[in-house]
Amino acid sequence: MSSLSFEPMSALMGVRAHGIDLRQPITAGDAQALRDSFARAHVLCVPNQDISNDDQIRFAQVFGQANTLFIGAPRKADEPSEDGPEKRGIIYISNVRENGQAIGALPDGELHFHSDGAHRKSPYRATTLYAIAIPSHGGETRFSDLQAAFDALTPAMQARIETLRVRNVYDTRATLRTQTNEYDDNLSTAEHPLVRVHPDTGRKSLYLSQLMTRNIVGLERAASEDLLAQLFEVIERPEFIYDHKWSLGDLLIWDNRCLNHARSDFPSDQKRHMRRVTVSEPDFTPA
Ligand code: SIN
């Protein structure tokens, strides 16, 4: 008999799962219940966990193909883009330094809204993030509901953007929009539809972000900038955002197909150390 139960985290999105210890194998029944809740809520939090890499990978596998290659260390400034060959796997999102070297894959501090892997041909379906050390305040992960944002557009705007495509560019050293040189050939880049249909719910969502989306394909630059500005305003409206305040031992999974996420700033003299394992689409074969 399963002791798994669920509680909503906010009116907008998110559900918290209680009564499961992820150090233990996950039964088929619990796996299905976790998937169902995730499909409804798009963010699933399993609190109070004390888990290893392998436990986190096993959890990620409930939702698709977990990326298990250990990457760990960040890319150096003069190294080529991580996309050639396309590496995916376990990384730390961390401000910890060991022997003066960052062990985290991303820079510290505030991070603008984005969807993981939107700069790749095959973006990540979902991301799991596990809180190993957290600051006393700040460092929330912020989620923006791109389905609700699409629904909020006028029918005329929905029709106008329906078939458009966006060009995304990502520099792993950038946390803010202005820090990316979109013309740098070393950066990872991909084009995607601006409007996506969620394969589980059939709902439409916007698919663009401040951090990665540089232009709308085929539009004059001024028209592209104007449309992006209008859409950025909608997707970052407070009513479409849920801020996750972390507790130690929280394991989160979120759906990159219909959510953007960002990180709020946090004190640089306090430790924030998280482990990330992503989930790919099943047809993705790592190089
Ligand atoms: C990420 O964008 O993958 C990291 C989010 C976070 O540090 O909260």
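This is a predicted model: local features need pLDDT of at least 70, side-chain atom pairs count only at pLDDT 80 or more; totals for chains, interfaces and linings use all residues.

A polar contact is a pair of N or O atoms within 3.5 Å. For the side chain of Arg272, the corresponding distance from an N or O atom to a ligand oxygen is 2.9 Å. The side chain of His114 likewise places an N or O atom 2.9 Å from an oxygen atom of the ligand. Of the 260 Å² of accessible area that the ligand has on its own, the protein covers 100%.

The location of the ligand is the next point: the ligand sits in the largest cavity. Around the ligand are Ile93, Leu106, Leu111, His114, Asp116, Leu129, Thr141, His261, Arg263, Arg272 and Arg276. Sorted by class, this shell has four nonpolar, three polar and four charged residues. Two strands, β9 (111-114) and β19 (259-263), each supply at least two residues of the shell.

Attention may now turn to strand β6, which spans residues 89-94 and includes Ile91. Is Ile91 buried or exposed? Its relative accessible area is 8%, and Ile91 is therefore buried, since the term applies under 20%. Along the chain, Ile91 and Pro135 are 44 residues apart, and their C-alpha atoms are separated by 19 Å.

Notes: Residues are numbered from 1 along each chain as its sequence is written. Side-chain values use heavy atoms; hydrogens and water are left out. A residue is near a molecule or strand if one of its heavy atoms lies within 4 Å of it. A polar contact is a pair of N or O atoms within 3.5 Å; within protein, one must be able to donate a hydrogen and the other to accept it, and residues adjacent in sequence count only if both atoms are side-chain atoms. Accessible areas come from the Shrake-Rupley method with a 1.4 Å probe; for residues, only the protein chains shown count as cover. On a 1 Å grid over the protein atoms alone, a cavity is a set of points where a 1.4 Å probe fits but cannot get out, and a pocket is an open set with protein on both sides within 12 Å along at least five of seven lines; lining residues have an atom within 4 Å of a point. A molecule sits in a cavity or pocket if more than half of its atoms lie within 2 Å of its grid points. Helices (H or I, at least four residues) and strands (E, at least two) are DSSP runs, numbered from the N terminus. Ala, Val, Leu, Ile, Met, Phe, Trp, Tyr, Cys and Pro count as nonpolar, Asp, Glu, Lys and Arg as charged, and the others, Gly among them, as polar. Buried means under 20% relative accessible area, exposed over 50%, partly exposed in between (1.4 Å probe, protein chains only).
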